[in-house]
Amino acid sequence: DFAAGPLLETADGVAIATYDLGGDGPPLVLAHATGFHGRVWLPVAEHLRARYHCIAFDARGHGESGKAPGGDYDWNGFSLDVQAVVAALPDAGDGRRPRAVGHSSGGAALLLAEESEPGTFEALYCYEPVVAAFDLETEAQRGDPLAAGARRRRRVFASRADALANYAAKATFSRFDPAALEAYVEWGFYDLDDGTVALACDPEDEARVYEQARFNRAYQ
(Lines give C-alpha, C1' and ligand atoms only; values in the text may rest on other atoms or scores of the structure.)
Protein backbone atom coordinates (compact mmCIF):
# COMPACT_ATOMS: atom_id res chain seq x y z
CA ASP A 1 0.00 0.00 0.00
CA PHE A 2 1.05 3.60 -0.51
CA ALA A 3 -0.31 7.12 -0.43
CA ALA A 4 0.39 9.76 -3.04
CA GLY A 5 2.58 12.43 -1.51
CA PRO A 6 2.87 16.10 -2.45
CA LEU A 7 3.85 17.16 -5.95
CA LEU A 8 7.10 19.04 -5.38
CA GLU A 9 8.90 21.65 -7.44
CA THR A 10 12.66 21.49 -7.93
CA ALA A 11 15.00 24.47 -8.02
CA ASP A 12 14.83 24.40 -11.83
CA GLY A 13 11.04 24.16 -11.96
CA VAL A 14 10.39 20.44 -12.51
CA ALA A 15 7.34 18.85 -10.86
CA ILE A 16 8.35 15.74 -8.88
CA ALA A 17 5.76 13.13 -7.86
CA THR A 18 6.29 11.57 -4.42
CA TYR A 19 4.88 8.52 -2.65
CA ASP A 20 4.54 7.65 1.00
CA LEU A 21 5.17 3.90 1.14
CA GLY A 22 4.43 3.76 4.85
CA GLY A 23 6.36 2.57 7.87
CA ASP A 24 7.44 3.72 11.29
CA GLY A 25 10.72 5.28 12.24
CA PRO A 26 13.13 7.76 10.66
CA PRO A 27 12.64 8.69 6.99
CA LEU A 28 14.25 6.56 4.29
CA VAL A 29 14.34 8.01 0.76
CA LEU A 30 14.22 5.47 -2.08
CA ALA A 31 15.68 6.49 -5.47
CA HIS A 32 14.97 4.32 -8.53
CA ALA A 33 17.07 3.43 -11.58
CA THR A 34 16.78 4.82 -15.10
CA GLY A 35 13.56 3.84 -16.82
CA PHE A 36 11.75 2.84 -13.63
CA HIS A 37 9.68 4.82 -11.10
CA GLY A 38 9.22 5.31 -7.38
CA ARG A 39 6.52 2.73 -6.81
CA VAL A 40 8.73 -0.10 -8.04
CA TRP A 41 10.12 0.05 -4.48
CA LEU A 42 6.84 -1.15 -2.96
CA PRO A 43 7.92 -4.82 -2.54
CA VAL A 44 11.16 -3.65 -0.89
CA ALA A 45 9.34 -1.23 1.38
CA GLU A 46 7.34 -4.12 2.80
CA HIS A 47 10.57 -5.35 4.41
CA LEU A 48 11.61 -1.92 5.70
CA ARG A 49 8.44 -0.48 7.20
CA ALA A 50 9.12 -1.90 10.65
CA ARG A 51 12.23 0.27 10.92
CA TYR A 52 11.76 3.18 8.51
CA HIS A 53 9.21 5.58 7.09
CA CYS A 54 9.71 4.91 3.38
CA ILE A 55 9.43 7.76 0.88
CA ALA A 56 9.84 7.23 -2.87
CA PHE A 57 9.66 9.59 -5.83
CA ASP A 58 9.65 9.62 -9.62
CA ALA A 59 12.80 11.23 -11.00
CA ARG A 60 12.37 13.80 -13.76
CA GLY A 61 11.26 12.20 -17.01
CA HIS A 62 9.94 9.15 -15.17
CA GLY A 63 6.57 8.08 -13.84
CA GLU A 64 4.29 11.00 -13.09
CA SER A 65 7.03 13.62 -12.74
CA GLY A 66 7.69 16.36 -15.26
CA LYS A 67 10.32 16.23 -17.95
CA ALA A 68 13.72 17.90 -17.76
CA PRO A 69 13.72 21.49 -19.08
CA GLY A 70 14.61 21.46 -22.75
CA GLY A 71 15.05 17.70 -22.68
CA ASP A 72 18.45 18.16 -20.99
CA TYR A 73 19.03 15.19 -18.68
CA ASP A 74 22.26 16.39 -17.15
CA TRP A 75 22.50 14.27 -14.01
CA ASN A 76 22.87 17.28 -11.76
CA GLY A 77 19.15 17.68 -12.39
CA PHE A 78 18.51 14.37 -10.66
CA SER A 79 20.31 15.70 -7.59
CA LEU A 80 17.85 18.61 -7.61
CA ASP A 81 15.01 16.06 -7.55
CA VAL A 82 16.54 14.44 -4.48
CA GLN A 83 17.05 17.79 -2.75
CA ALA A 84 13.41 18.73 -3.30
CA VAL A 85 12.28 15.44 -1.76
CA VAL A 86 14.55 15.80 1.26
CA ALA A 87 13.42 19.39 1.85
CA ALA A 88 9.80 18.24 1.99
CA LEU A 89 10.31 15.33 4.39
CA PRO A 90 8.21 15.52 7.57
CA ASP A 91 10.14 16.80 10.56
CA ALA A 92 10.73 13.89 12.94
CA GLY A 93 11.55 16.37 15.69
CA ASP A 94 14.75 14.60 16.71
CA GLY A 95 17.19 16.44 14.46
CA ARG A 96 18.30 13.28 12.67
CA ARG A 97 19.13 13.45 9.01
CA PRO A 98 17.40 11.03 6.62
CA ARG A 99 18.92 7.92 5.19
CA ALA A 100 18.52 6.87 1.57
CA VAL A 101 18.79 3.90 -0.77
CA GLY A 102 19.48 4.26 -4.48
CA HIS A 103 19.76 1.85 -7.39
CA SER A 104 21.95 2.62 -10.42
CA SER A 105 21.27 6.21 -11.52
CA GLY A 106 19.29 6.63 -8.31
CA GLY A 107 22.44 5.87 -6.34
CA ALA A 108 24.39 8.41 -8.35
CA ALA A 109 21.65 11.00 -7.80
CA LEU A 110 21.91 10.52 -4.04
CA LEU A 111 25.69 10.92 -4.14
CA LEU A 112 25.42 14.03 -6.29
CA ALA A 113 22.89 15.51 -3.86
CA GLU A 114 25.20 14.80 -0.92
CA GLU A 115 28.17 16.29 -2.77
CA SER A 116 26.13 19.39 -3.57
CA GLU A 117 24.97 19.80 0.03
CA PRO A 118 27.31 17.85 2.35
CA GLY A 119 25.55 16.51 5.41
CA THR A 120 22.20 16.04 3.68
CA PHE A 121 22.09 12.35 4.63
CA GLU A 122 23.02 10.36 7.69
CA ALA A 123 23.85 7.35 5.55
CA LEU A 124 23.50 6.11 1.97
CA TYR A 125 23.17 2.60 0.55
CA CYS A 126 23.86 2.71 -3.18
CA TYR A 127 23.42 -0.47 -5.24
CA GLU A 128 25.24 -0.45 -8.59
CA PRO A 129 25.60 3.34 -8.54
CA VAL A 130 26.81 4.89 -11.79
CA VAL A 131 30.00 6.50 -10.46
CA ALA A 132 32.76 5.16 -12.71
CA ALA A 133 35.79 7.26 -13.65
CA PHE A 134 35.51 8.16 -17.33
CA ASP A 135 37.80 10.04 -19.68
CA LEU A 136 35.29 12.66 -20.74
CA GLU A 137 36.98 13.55 -24.03
CA THR A 138 37.07 9.91 -25.09
CA GLU A 139 33.51 9.26 -23.95
CA ALA A 140 32.20 12.24 -25.89
CA GLN A 141 33.32 10.52 -29.08
CA ARG A 142 31.68 7.19 -28.33
CA GLY A 143 28.16 6.03 -28.94
CA ASP A 144 26.11 4.63 -26.10
CA PRO A 145 24.61 1.15 -26.61
CA LEU A 146 22.16 1.65 -23.74
CA ALA A 147 20.85 4.82 -25.37
CA ALA A 148 20.54 3.06 -28.71
CA GLY A 149 18.66 0.21 -27.03
CA ALA A 150 16.33 2.63 -25.26
CA ARG A 151 15.41 4.29 -28.56
CA ARG A 152 14.44 0.89 -29.94
CA ARG A 153 12.30 0.12 -26.92
CA ARG A 154 8.66 -0.67 -27.57
CA ARG A 155 6.59 2.20 -26.19
CA VAL A 156 2.96 1.06 -26.64
CA PHE A 157 1.29 -2.22 -25.67
CA ALA A 158 -2.27 -3.47 -26.06
CA SER A 159 -2.67 -3.61 -22.26
CA ARG A 160 -0.72 -3.82 -19.03
CA ALA A 161 -1.24 -7.59 -19.09
CA ASP A 162 0.34 -7.69 -22.54
CA ALA A 163 3.27 -5.61 -21.35
CA LEU A 164 3.75 -7.79 -18.27
CA ALA A 165 3.80 -10.97 -20.37
CA ASN A 166 6.27 -9.39 -22.79
CA TYR A 167 8.69 -8.34 -20.07
CA ALA A 168 8.40 -11.56 -18.07
CA ALA A 169 9.58 -13.47 -21.15
CA LYS A 170 12.78 -11.41 -21.45
CA ALA A 171 15.98 -12.65 -19.84
CA THR A 172 16.60 -9.56 -17.70
CA PHE A 173 13.07 -9.12 -16.39
CA SER A 174 12.56 -12.85 -15.88
CA ARG A 175 14.98 -12.59 -12.94
CA PHE A 176 12.89 -9.90 -11.24
CA ASP A 177 10.85 -10.70 -8.18
CA PRO A 178 7.34 -11.06 -9.69
CA ALA A 179 5.97 -8.43 -7.30
CA ALA A 180 8.59 -5.92 -8.44
CA LEU A 181 7.88 -6.56 -12.11
CA GLU A 182 4.14 -6.20 -11.51
CA ALA A 183 4.71 -2.89 -9.70
CA TYR A 184 6.89 -1.65 -12.55
CA VAL A 185 4.22 -2.41 -15.14
CA GLU A 186 1.24 -1.27 -13.04
CA TRP A 187 2.56 2.28 -12.57
CA GLY A 188 5.12 2.45 -15.36
CA PHE A 189 2.48 2.92 -18.06
CA TYR A 190 -0.34 5.37 -18.71
CA ASP A 191 -3.61 4.80 -20.54
CA LEU A 192 -4.11 6.05 -24.09
CA ASP A 193 -7.46 7.07 -25.55
CA ASP A 194 -7.64 3.98 -27.76
CA GLY A 195 -7.38 1.60 -24.78
CA THR A 196 -3.70 0.80 -25.22
CA VAL A 197 -0.98 1.77 -22.73
CA ALA A 198 2.30 3.63 -23.19
CA LEU A 199 5.52 3.79 -21.21
CA ALA A 200 5.55 6.65 -18.73
CA CYS A 201 9.30 7.03 -19.28
CA ASP A 202 9.46 7.92 -22.96
CA PRO A 203 12.22 5.96 -24.75
CA GLU A 204 13.76 9.19 -26.04
CA ASP A 205 13.99 10.61 -22.52
CA GLU A 206 15.51 7.36 -21.27
CA ALA A 207 18.07 7.46 -24.07
CA ARG A 208 19.06 11.00 -23.16
CA VAL A 209 19.54 9.98 -19.53
CA TYR A 210 21.92 7.22 -20.63
CA GLU A 211 23.81 9.59 -22.90
CA GLN A 212 24.49 11.90 -19.96
CA ALA A 213 25.46 9.09 -17.57
CA ARG A 214 29.15 9.16 -18.37
CA PHE A 215 29.40 12.90 -17.73
CA ASN A 216 28.09 13.02 -14.18
CA ARG A 217 30.52 14.08 -11.46
CA ALA A 218 29.49 11.61 -8.76
CA TYR A 219 32.86 9.82 -8.99
CA GLN A 220 34.74 12.99 -8.04
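Visitor: Is Asp191 buried or exposed?

Guide: Exposure is read from relative accessible area, and exposed means over 50%. In this predicted model, Asp191 reaches 56%, so Asp191 counts as exposed.

Visitor: Which residue does the side chain of Asp191 meet in a salt bridge?

Guide: The partner is Arg160, at 2.7 Å from N to O. This pair links distant parts of the chain, since Asp191 lies in strand S10 and Arg160 in helix H6, 31 residues apart. Arg160 has a relative accessibility of 22% and therefore counts as partly exposed.

Visitor: What is the order of the strands in the sheet that holds S10?

Guide: Strands of a sheet pair through backbone hydrogen bonds, either parallel or antiparallel. Here the order is S9-S11-S10, in an open sheet of three strands with antiparallel pairing. Strand S9 (156-157) and strand S10 (189-191) are at the edges; each has a single partner strand, so one side of each lacks a neighbour in the sheet.

Visitor: How many bridges join S9 and S11?

Guide: Two bridges join S9 to strand S11 (residues 197-199), in the antiparallel sense. Phe157 has Val197 in S11 as its bridge partner. Helix H6 (residues 160-168) packs on this sheet and touches S9, S10 and S11. The direction of H6 makes about 155° with that of S10.

Visitor: Which side chain meets Asp162 in a salt bridge?

Guide: That of Arg154, at 3.4 Å from N to O. Arg154, with 42% relative accessibility, counts as partly exposed. Asp162 is also partly exposed, at 28%.

Visitor: How many salt bridges does a search of the whole structure find?

Guide: The search finds 13. One of the pairs is Glu211 with Arg151, at 2.8 Å from N to O. Glu211 belongs to helix H9 (residues 203-213) and Arg151 to helix H5 (residues 145-151), so this is a link between distant parts of the chain, 60 residues apart. Glu211 is partly exposed, its relative accessible area being 29%. Arg151 is partly exposed as well, at 39% relative accessibility.

Visitor: Which residues are linked with Arg151 and Glu211 in a network of salt bridges?

Guide: Glu204 and Arg208 are linked with them in that network.

Terms used
Residues numbered from 1 in each chain as written. Predicted model: local features only at pLDDT ≥ 70, side-chain atom pairs only at ≥ 80, totals over all residues. Heavy atoms only, no water. Pairing = 2+ DSSP bridges. Helix = DSSP H or I, 4+ residues; strand = E, 2+ residues; numbered from the N terminus. Contact = heavy atoms within 4.5 Å. Axes fitted to C-alpha atoms, helices over the stretch in contact; angles between N-to-C directions. Salt bridge = Lys/Arg side-chain N within 4 Å of Asp/Glu carboxyl O. Buried < 20%, exposed > 50% of the residue type's maximum accessible area, 1.4 Å probe, protein only.
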